[in-house]
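Hello,

Here is the structure for you to look through. My notes follow below it.

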Amino acid sequence: MAAVNLQRHKLKVIISGGGTGGHIFPAIAIANELKRVNPETEILFVGAEGRMEMEKVPAAGYMIEGLKIAGIQRKLDLKNFLLPFKVIGSVLKSRSIISTFNPDAAVGVGGYASGPLLYAATMMKIPSLIQEQNSFAGITNKILSGRVKKVCVAYDGMEKYFKKDKIVMTGNPVRQDVIQIEGKKAEALKYFGLSENKKTLLVIGGSLGARNINLAINKGLKKITGQDIQLIWQTGKNFISIANDSLSEFKNSDLHVCDFISRMDLAYSCADVVVSRAGASSVSELELVAKPCILVPSPNVAEDHQTKNAMALVNKNAAILVHDAETDSILVDKALLLINDSAQQKKLSDNISKLALKNSAEKIVDEIYKMVSN
């Protein structure tokens, strides 16, 4: 592909969106690829004030501007009455940012800031594209899709949300260091203090944690250790103290518990089975590392899109689904059944690997250059 093999001319690109790691890390992956293709490329991020992109993007080495924008509250809230004013203010500030930066292209990855920025960019005739990460398109992207030139997607069947001639199947960009797991198992076991003779269950609930998953694992620790299974458990900040209290009963067991796993490549490399939420980035990573997994969609996301992400895999026998409300009663038992069934693990691993879309950031960057050239 041209974006991979040829150094392209210098561009100025605005990337907007964020709110969660699932939006931020793909955005940074796109920025990194733009810089790889041409190190002189100028990139400006636009995010929502007070959201995690305002910290994570500068940590990755990029400049970011903040908009005073938020999402609609599901319950009756005064903040909803202020939202139209915030949207108008954010569109006006976006126009000012665009006028000052003068970009060649704009990219929206989802999140609160993506809507106002892309709306302003398309008003100002800046070539723009959407990177839709989920199998169920959000309302903002559906509205914006009529204004942008391309929509980069990661799932089949997106024609029900977007015009077919705008869709490009690229997959979701992921952190490359996370999916480079070959030959790292020995290093991983040493890093987590685990045994090479035991099977390993990896539980990841997201960087903020997932309460019902955590409660189920906490309740099932005796079951897990009773079957001589070792555990890597990311709890998130809100549950780590509860988990640490429970560990006092299991001092001689192979249990590694932390609030955040900084070396996900090592965690994936030694995991036999993974329990995870079904955010778009998590699903894309699991496809690329080809790990048998149990997906527990978060019920607290717009339009229940994590369930739809999970079902895209379940329908192809590439993952097992456990609903969040069922975690207390069946999650641990399902995990133990799977970790003791090597044939089912192989089937899931083979099937999920077939869904992996590689080189996603390169494909998206290629579309950016095509869009600017036309």
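This is a predicted model: local features need pLDDT of at least 70, side-chain atom pairs count only at pLDDT 80 or more; totals for chains, interfaces and linings use all residues.

The pocket first. The second largest pocket has a volume of about 400 Å³. Its lining counts 22 residues. Nearest the centre of this pocket lie Ala154, Tyr155, Asp156, Ala312 and Lys316. Two helices contribute to the lining: α13 (280-289) and α14 (305-314) supply at least two residues each. By residue class, the lining of the second largest pocket has 11 nonpolar, five polar and six charged residues.

Now the strand. Strand β9 spans residues 230-234. It is mostly covered, with five of its five residues buried. Gln230, Ile232 and Gln234 point one way from β9. Leu231 and Trp233 point the other way. Gln230 and Gln234 are buried, and so are Ile232, Leu231 and Trp233.

β9 has a pairing with strand β8 and another with strand β10. Strand β8 (residues 200-204) pairs with β9 in the parallel sense, over five bridges. In that pairing, Leu201 stands opposite Leu231 of β9. Strand β10 (residues 255-258) also pairs with β9 in the parallel sense, over four bridges. Here Ile232 has His256 in β10 as its bridge partner.

Best wishes

How values were computed. Residues are numbered from 1 along each chain as its sequence is written. Side-chain values use heavy atoms; hydrogens and water are left out. On a 1 Å grid over the protein atoms alone, a cavity is a set of points where a 1.4 Å probe fits but cannot get out, and a pocket is an open set with protein on both sides within 12 Å along at least five of seven lines; lining residues have an atom within 4 Å of a point. Grid points are joined across faces, edges and corners, and a volume is the space filled by probe spheres set on the points. Ala, Val, Leu, Ile, Met, Phe, Trp, Tyr, Cys and Pro count as nonpolar, Asp, Glu, Lys and Arg as charged, and the others, Gly among them, as polar. Buried means under 20% relative accessible area, exposed over 50%, partly exposed in between (1.4 Å probe, protein chains only). Two strands pair if DSSP finds at least two bridges between them.
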